[in-house]
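Student: I am new to this structure and would like to learn how its features are read. Could you take me through them step by step?

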Amino acid sequence: MNSLNRLAENIISCLQDYIKGRGFRALVHFELEGCYQKATGQPVDYQRVNEKLLAFGIDGEVVAEYWSNQWEYVSLFNGQSPLKEAHNLARAIYFLPQWFANQGVTKTLIKPVVWAGDNGKLAAGCANIFSGDSRDVHIPNAVQINVSVQDLLGNNLLVSGDFAERLQRSLLQTSLASCLIYLPEEEAFERLALKSKYGLAEELCSPIDISGGHQGSVALYRDIGKHNQKMGVEPLIYDDKNNVLVSHENWHKTARIEHRLGASSEQYNPFLNVIYTLLNVIETIDSVNNHESVQSDDYGQLPSSLHDQDNELGAITLFKNNDWFHQSIDRVIAASSFPLKPITALSIGRQIQQDYLKQFQRPDIFI
């Protein structure tokens, strides 16, 4: 593990300790999309992959996604800590290409866009019926963060009151300046423009900007999910054909906020994204405890590149100028009993922000 991730681990432990000291517990879960290329027409046996995940203690499973040869790693709700969840995703990104290769996959694509990954055009007015018109579909792959908060009795704070709306608003407010954390490569910004640039609005459903609401990019789901389905339905009794006869609806358990702006990438850092999520949880907890009023804001438009373009600041500059990220880390550390001390002249918050920015520095060119 590199020094950036070791420092991030310590910060996550400190943030978890702070949240626990306030009488709460944050639950963070990831979903990661990707694709694969295979010489034969034989599909991947996801059950074999899931057995590997279980054997390695990774709280997740892989399922088939919508487009051809597209898969999704889905975190399981096993009560794991945010730190364990960061390790889960980091290990999944590392091991999945190896386990797919064992089944004849020639290339595993953990990247924001798989160019010409499928073809077809949806029939007018249809959500899943294709017309005879065939054209390339560039497949967007996302990383989604799901977050909820419990009290120490296990009650979900997103069920009632305004805690959920406060947390959602905090994520909306911080998403622009922090977008380098979840959009870590140039192609991630191509993903955001796929629908408008290639006329794929009917075929693709990925969010393109920072928005709230029920179907937005930072969406709050309580009893109804993003496909307008009932949340938290748990099967209780099956018949002999494995059809559900009796089920129980427990949406209080599954109510959550989904941050859906992230791009799938081998450069995606789960540890930094857990820090980002927990800082928003802490900000929300403290705003409620301090009886702060809820402010309404214009959340802004995501940049079109990592780098500055004409009159637009890129993601790197936005994060470099982002005081909220490092100041929030340092504020929590200062108020915490967790033994975490800076080892350089920089504060812990500034240190991890600078360490992350280093990987985006363009190399000097000598003539």
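This is a predicted model: local features need pLDDT of at least 70, side-chain atom pairs count only at pLDDT 80 or more; totals for chains, interfaces and linings use all residues.

Student: Where is Asp 310 found, and near what value is its phi?

Tutor: Asp 310 is found in the loop between H9 and helix H10 (315-320), and its phi is near 50°, a positive value in a residue other than glycine. Asn 69 also has a positive phi, near 60°; Asn 69 sits in the loop between strand S2 (60-64) and strand S3 (70-75) and is partly exposed, with a relative accessible area of 37%.

Student: How many helices and strands does the chain have?

Tutor: Helices (H or I, at least four residues) and strands (E, at least two) are DSSP runs, numbered from the N terminus. In this chain they come to twelve helices and eleven strands. Of the 367 residues in the chain, 50% are buried.

Student: What share of the contacts in the chain joins residues 24 or more positions apart?

Tutor: A contact means heavy atoms within 4.5 Å. Among contacts in the chain with a separation of 6 or more, residues 24 or more positions apart account for 72%.

Student: How many salt bridges does a search of the whole structure find?

Tutor: A salt bridge is a side-chain nitrogen of Lys or Arg within 4 Å of a carboxyl oxygen of Asp or Glu. The search of the whole structure finds nine. One of them pairs Arg 22 with Asp 286, whose closest N and O atoms are 3.9 Å apart. Arg 22 lies in the loop between H1 and strand S1 (24-38) and Asp 286 in helix H9, so this pair ties together parts that are 264 residues apart in sequence.

Student: Are Arg 22 and Asp 286 buried or exposed?

Tutor: Arg 22 is partly exposed, with a relative accessible area of 35%, whereas Asp 286 is buried, at 10%.

Student: How is a pocket read, and how much space lies in the second largest pocket?

Tutor: On a 1 Å grid over the protein atoms alone, a pocket is an open set of points where a 1.4 Å probe fits, with protein on both sides within 12 Å along at least five of seven lines, and lining residues have an atom within 4 Å of a point. Grid points are joined across faces, edges and corners, and a volume is the space filled by probe spheres set on the points. The second largest pocket holds about 440 Å³ of space. Its lining has 19 residues, of which Asn 2, Asn 5, Tyr 268, Asn 269 and Phe 271 are the closest to its centre.

Student: Which helix gives the most to this lining?

Tutor: H3 gives the most, with five residues.

Key:
Residues are numbered from 1 along each chain as its sequence is written. Side-chain values use heavy atoms; hydrogens and water are left out. Buried means under 20% relative accessible area, exposed over 50%, partly exposed in between (1.4 Å probe, protein chains only).
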